[in-house]
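Hi there,

Here is the structure I promised to send over. Have a look at it first, and then read on for what turned up.

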Amino acid sequence: QIKKIKTRKIQQISCHLSLINNYINNNKNSISIASMSTMRPKHGYNVNTNLSHVSGSTGVKLLDKTIGQQLTETASKYPNTIAMISSHQNVRITYKEFDEMVTKVAISLVALNLPKSSKIGVYAPNCLEWVLIQFACARIGHVLVNINPSFQVNDLKYVLEKVEISTLFMPRYLKSSNYIDIINNMLDVELRYDITTTNTDTTTNNNVNNNTVNTGTTATAGNGNSTYIEKKKQLQSPLNLNISFLPHLRQVVLLDDSTISEEARLNCNVDMDEVCKENNMISWKDFYENKLNDQNDRADPAGLMVRYNNHVDSVKIHDPVNIQFTSGTTGLPKGAVLSHYNILNNGYLVGNILNYNPYKQMKVLIQVPLYHCFGTVMGNIACVTHGATMVYPNGSFDSEKSLDIIEKEGVSSLYGVP
């Protein structure tokens, strides 16, 4: 019986080897197999020289650079080409301007004193700020985390905890979701937990001293609790939120209402500085102008530039640059960690397939969400690798606004779902 089983397995292996051999013989022009021992290790990582290496067609050479290097190259080649049009924000900028703005955002991120590969969350609709943060993170070695703007309290808390986000960018609201309330609800949960724990500990100590049995207690809105909340808030600042259950989240940067829609931009009558002050947040204006850097940076701006250049020089093509979450249909969303080499070449190959040409002023209507790879990779990165124009008709999908911008701008390519 054992001999029969062994014979059957040998036959199966022989069959598989025969199929592989036939496939290789029939595809000699597109398949190559080489011993790894004949290949030099690339990009600073080790390879197992005892394994074989199988590669597909090499007709198109992949880009061997970081996303930040690609943007610098594109801006140098096509400085006057329109890089992006954000219709609802009334923004139109060239690649030279885009590259300069990305550098400014990257320097502001460095001024926050976050270590390399810090996770930067964007919880926002399609807008100029979204893509500036995307390329600024890539330039200095931080990891962009795409967050679905429809997430509510539990979803957002899960993502913030899961990947240990350090800085979160978001607008005040989107559609029916009030983002500030969502953040404050998370903070309220923490305060209620802390108060309950504090009261329970106090009750336990009192009961032990009185030789009584502790039955627990529930937090109530008394003077002691109010004092505790005030003390807790005093420990928080816009540069350090000091949230015990989200210890890595240090800052929340509040985007302008223009990021939401044209109507929100035109009808905004809110003092953003006051909103930020009330909620311990940083306004996009202060962040972008780098008004929050510490005393050392103000005294030594050249030192800040040295730190910025050190960040830029440290970035490698196989470093992580983006975390995208699955939809969570069959379970909790899972974060996929993506590298520069990974998504830069994905976008580049998509642009090749769609025949994007920098000399034809190609305009790509990106009405799909940027938190999804369709927008952030196949849209933004495909455009930047080919000198094409990113066009955002609105913060979120609006068919009428898309049709208007198609006619007004004469877009070359349109992204959408069935």
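**What I found**

Ile85 sits across from Arg92 of β4. Please keep in mind that this is a predicted model. The pair belongs to two strands, β3 (residues 82-86) and β4 (residues 91-94), which are joined by four bridges and run in the antiparallel sense. Together β3 and β4 make a hairpin with four residues between the strands, and there Asn90 has a positive phi near 60°.

Next come two helices. α3 covers residues 95-111 and α4 covers residues 128-140; they pack with their axes 8 Å apart, at an angle of about 65°. Angles of 65 to 115 degrees count as roughly perpendicular, so α3 and α4 are roughly perpendicular to each other. Their crossing is right-handed.

Then there is helix α9, residues 272-279. Which of its residues are buried? They are Met272, Val275, Cys276 and Asn279. These four lie on the same side of α9, because the arc they cover around the axis is only 95°. Lys277 and Glu278 are exposed, on the face of α9 turned away from the buried side.

Both ends of α9 are worth a look on your screen. At its start, a side-chain oxygen of Asp271 comes to within 3.1 Å of the backbone nitrogen of Asp273.

Best wishes

Methods: Residues numbered from 1 in each chain as written. Predicted model: local features only at pLDDT ≥ 70, side-chain atom pairs only at ≥ 80, totals over all residues. Heavy atoms only, no water. Pairing = 2+ DSSP bridges. Buried < 20%, exposed > 50% of the residue type's maximum accessible area, 1.4 Å probe, protein only. Arc of directions from axis to C-beta. Polar contact = N/O pair within 3.5 Å; in protein donor to acceptor, adjacent residues only side chain to side chain. Axes fitted to C-alpha atoms, helices over the stretch in contact; angles between N-to-C directions. Parallel < 35°, antiparallel > 145°, perpendicular 65-115°, else oblique. Left-handed = near helix turned anticlockwise from the far one by under 90°.
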